[in-house]
Amino acid sequence: MARGGDGFFRTLGSAFSFSEYEWLAEKKPSDSIRYFLKLMALATVLMFIAAVPAFINFSKNIDKVIDNFDSLKITVNASSKGPIIFFPGDRHREVTFDWESNATSLEHGKYLVAKDRVIKKTLIGSQYTNISGYSDVIEHRELYRASAMILAAFLMPSLVVGAYVFFGIKFFLMVLLLAAAALVITRIIRFDVEFRQCLTIAVYASTIGIILAMALFPYNIRIPQIPFFRIEWLGYALSLIYFIVGLRHAGYFEKRRNRKKELSRRKNYFQIKE
C-alpha cells in the first residue's frame, strides 16, 4: 500500500496508529533499521532535555545538602611514574600533571598541576595558585558547584554518545528477542507470518516504549502501591500491544485440516471416478 511523504516523522506518526501496521509490516528490514537508529537519536535527545529540570533542581538543592555537614574536605593523594602531559607541544593547551614537582614557575606549556598548587603561564610570567586552601568544600561551595557544572558540560558529548550506544544495544536486543519469541509462538499456533515481518513490526511497535522509557529515565518514577513497578513499564506494555496488533495485520491463521477427512475425501473421489 503506497503512502505519501515516507519520511522519518511520517513513519514515526504511523507507528502510533494500529491501522498503519499493515503498511509498516511490508517495509524493508533496512528501512526499519534506519528508522530505529534515528528513533534512538531522537529518544536520546529527549532524555537529556527531560534531565535538565532534574539537573537544575539538584544544583539548587546542593546548598541544603552541604549545610548538613559540619566539615567536608577533599584531599588528593596521587602519584605517577613521571609527568603526565596532555596536548604535548601545544603551548596554548599543554597541561602537565607532575605530583612531585617543586617548581614555582612554568617554562613551557600552559598549565602545571602539582600536589598542592597550579601554575599557569601568562604573558608576563607565571601565575601561582595554592590549591591546598581549597580543600574545604563548605567554604568554597560556589567554586565546587561551578567546577561541577563545567565538568558536566565538558562531558556532555561523551554522555550523549554513551547513552545512545548503551540504550541502542539494549533496545535492539529486546527487539530481536521479541521477534524471535513471536516467530516461535506463531509457528506453534499456525499463524502465517515471516520473521522479516516480526522483526520489522517489533522495531516500529517499540517506538512508544523506547520514547517513554528514555524520557522518564532521569526521574526513576515508581508507584508506591506496587512494589518494584516502574512507570516506564507501561510503555513496554503498550509496545507489546502494538506488536500483537501489528502481527494480526501482517499475517493470517492457516486453515487446520483434518487429515482423516482429507484422505476419506480423496478415496471417495477416486471410487466415483472409477
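Start your tour by selecting Phe166, Phe167, Phe171, Phe217 and Tyr236, which ring pairs link into a cluster. Keep in mind as you go that this is a predicted model. Across the structure there are 10 aromatic pairs.

For one of these pairs, select Phe8 and Tyr35: their ring centres lie 5.5 Å apart and their planes meet at 40 degrees, so the pair is tilted. Colour the helices next. Phe8 belongs to helix α1 (residues 8-14) and Tyr35 to helix α3 (residues 29-67), so this pair ties together parts that are 27 residues apart in sequence.

Now move on to two other helices. Show α5 (residues 195-205) together with α7 (residues 233-250): they pack at an angle of about 145 degrees, and their axes are 9 Å apart. The crossing of α5 past α7 is right-handed. To see the contact itself, display side chains. From α5 come Gln197, Cys198, Ile201, Ala202 and Ala205, and they meet Ser239, Tyr242, Phe243, Gly246, Leu247 and Ala250 of α7. Eight residues of this contact are nonpolar, three are polar and none is charged.

Last stop: zoom in on Gln197 in helix α5. Is Gln197 buried or exposed? With a relative accessible area of 7%, Gln197 is buried. Leaving aside residues up to four places away in sequence, Gln197 touches Ala25, Glu26 and Ala250. Draw a distance to Glu26 to finish: the side chains of Gln197 and Glu26 make a polar contact at 3.0 Å.

How values were computed:
Residues numbered from 1 in each chain as written. Predicted model: local features only at pLDDT ≥ 70, side-chain atom pairs only at ≥ 80, totals over all residues. Heavy atoms only, no water. Axes fitted to C-alpha atoms, helices over the stretch in contact; angles between N-to-C directions. Helix = DSSP H or I, 4+ residues; strand = E, 2+ residues; numbered from the N terminus. Left-handed = near helix turned anticlockwise from the far one by under 90°. Contact = heavy atoms within 4.5 Å. Nonpolar A, V, L, I, M, F, W, Y, C, P; charged D, E, K, R; others polar. Phe/Tyr/Trp six-rings, centres within 6.5 Å; stacked < 30°, edge-to-face > 60°. Buried < 20%, exposed > 50% of the residue type's maximum accessible area, 1.4 Å probe, protein only. Polar contact = N/O pair within 3.5 Å; in protein donor to acceptor, adjacent residues only side chain to side chain.
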